[in-house]
2 protein chains.
Amino acid sequence: MSSLHAASPGLIRTSGSETDRRRLNTWQAVRADVLDRIRSGEWPPGSLIPTEQILSKEMGCARATVNRALRELADSGIVQRRRKVGTRVTATSSRRAMMSLPVIRDEIEAMGARYGYQMTDCLARPPSPEAMQALQVDAGDSMILVKSRHMADDRPHCCEAIWLNPRAVNLPDARLFGTVPPQEWLARTLPVAQSRFSILAEGATGACAINLLVAVGTPVMAIERVNTLNGLPVSFARQFYPPHHRLVLKD
Amino acid sequence: MSSLHAASPGLIRTSGSETDRRRLNTWQAVRADVLDRIRSGEWPPGSLIPTEQILSKEMGCARATVNRALRELADSGIVQRRRKVGTRVTATSSRRAMMSLPVIRDEIEAMGARYGYQMTDCLARPPSPEAMQALQVDAGDSMILVKSRHMADDRPHCCEAIWLNPRAVNLPDARLFGTVPPQEWLARTLPVAQSRFSILAEGATGACAINLLVAVGTPVMAIERVNTLNGLPVSFARQFYPPHHRLVLKD
DNA sequence: CTATCGATAATGAATAGACGATTTCGCCGC
DNA sequence: GCGGCGAAATCGTCTATTCATTATCGATAG
């Protein structure tokens, strides 16, 4: 019926973008088409684009298919949609980018290096002020602090300090962390937790500098991660990466 | 027909998660339900969960609705799906997090501060080695380098150096950048470009340290951004943020 | 035993149709 | 002019159905 069934070339525009549309699904073709017409200036930033119904008729596909395409574009911040109003091209270039935070073991092995892990400390102690704030506990609670470092081919790749909340999770024998990184143990124990990350630059402090084999005060990138499960804060981790480490995001 | 039409309570499980499901759509309810059963250990990491058909029957909704829910979970890395094989709970805790990179003006005004912009330099010169690599140009090409800083209530918030490729975009009169930040001009001129970001920690160098009012060598967070349009690299920007600036990601 | 081929099962995508939610817009009474 | 109210437009979601794509498994020919 439709001129545009699965990968039929009906939709392909002659404008000649670099994307190879021969193997695109219909909704991906619609998305690419809309993107092209935005880029070409046909629909400038801030303007309304035609309704789903008009587009579906124009492109010879179902409205649900156009909906899927436009929803994806809205998810990445390229357009904004409101009922009854329509779909508007986002005026500013505010963009959302997806970052993938792999397990450090995978990250290192993906580079083709040999992974190594060393626990450097494992203490029960009252939480630091940052840990108190992140985990919503108070100074009286006793927390577990595990410090460790991760090596790539015997060179330090990252060092880590993680606070674990014994009220949120049953901790194993501490010796386990001598061989198993706490993040991996946590991932196996609590399948899906909700996480909040933040990224900042810091000067390396004493232990961190020693573990990363850099001078005190050297700029390091810190990634903080708070895991919560059912609203209960479970862990607060800080990972430090030496200079020249890059976190890459694609948009 | 279905026991689960739009926000009907049919699906609501008694497990009592913290999420308020009374106002969830059906597909969101399905997603929450699956997530709960993963978290509860019913479907441990690495295991296969029931097929879409079984789930749709079990939950009294259409398979397309289950598909939507499981697709969202796959998009955020919680499950992995393969045709004919099924849907598997991701074994590692590798997660994808969404980061929003707002226009700096918006970022500052959202904090309730007054935005200020100053251009500090605007030069035509051959590209630096990094710019050559990022923009895929060679040393013979003449590029435009604009340096600027952004202020929040008269305190430096971020400084920026951006290389523009005159072969990819028609540049305006350079005086424009005295009042309009290059990123904003770019956003208005090229509606939707594809971007690649990377984030790293560096020590502040001379001009950067002066602009941010910090000592040389102070750790700063650098965000690099390469914009390309139809495969043609358009701009290469490096933004530097002073210590204590945090980039926040929600998962 | 092994390679190949077909049946089967699972997800992926598309369709038409329906209904619901939300916001705008104009009409009407005042 | 103005306030309220209902019609209409538009996106959001759901269903049922069909076909496409991909992988697994087992049977069969050699």
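In this predicted model, chain A carries an open sheet of three strands, arranged β1-β3-β2 with antiparallel pairing. Because β1 (48-49) and β2 (79-82) of chain A stand at the edges with a single partner strand each, one side of each has no neighbour in the sheet. Chain B superposes on chain A by a rotation of 180°, and residues of both chains are among those closest to DNA strand C.

**Sheet and helix of chain A**

- Four bridges join β2(A) to β3 (residues 86-89) of chain A, and the two strands run in the antiparallel sense.
- Within chain A, A:Arg82 has A:Gly86 of β3(A) opposite.
- Helix α3 of chain A, residues 63-75, lies across β1, β2 and β3 of that chain.
- The angle between α3(A) and β2(A) is about 120°.

**Relation of the two copies**

- In general, a rotation about an axis and a shift along it relate two copies of a chain.
- For chain B on chain A, the rotation is 180°, the shift along the axis is 0.0 Å and the RMSD is 0.0 Å.
- The two copies are therefore related as by a two-fold rotation axis.
- Both copies use the same surface, since 100% of the contact residues of chain B recur in chain A.

**Surface near DNA strand C**

- DNA strand C is surrounded by 24 residues, and the closest are A:Thr26, A:Thr65, A:Lys84, B:Arg81 and B:Arg83.
- Of the atoms of DNA strand C that come within 4 Å of the protein, 71% belong to sugar and phosphate.
- From chain A, α1 (26-39) and α3 each supply at least two residues of this surface.
- From chain B, α3 (63-75), β2 (79-82) and β3 (86-89) each supply at least two residues as well.
- The element that gives the most is α3(A), with four residues.
- By residue class, the surface near DNA strand C holds 11 charged, eight polar and five nonpolar residues.

**Polar contacts to DNA strand C**

- A polar backbone atom of A:Thr26 lies 2.2 Å from a phosphate oxygen of DNA strand C.
- For A:Trp27, a polar backbone atom is 3.4 Å from a phosphate oxygen of DNA strand C.
- On chain B, a polar side-chain atom of B:Arg63 is 2.9 Å from a base oxygen of DNA strand C.

Terms used:
Residues numbered from 1 in each chain as written. Chains lettered and ligands numbered in written order. Predicted model: local features only at pLDDT ≥ 70, side-chain atom pairs only at ≥ 80, totals over all residues. Heavy atoms only, no water. Pairing = 2+ DSSP bridges. Contact = heavy atoms within 4.5 Å. Axes fitted to C-alpha atoms, helices over the stretch in contact; angles between N-to-C directions. Least-squares fit on C-alpha atoms with pLDDT ≥ 70 in both. Near = heavy atom within 4 Å. Polar contact = N/O pair within 3.5 Å; in protein donor to acceptor, adjacent residues only side chain to side chain. Nonpolar A, V, L, I, M, F, W, Y, C, P; charged D, E, K, R; others polar.
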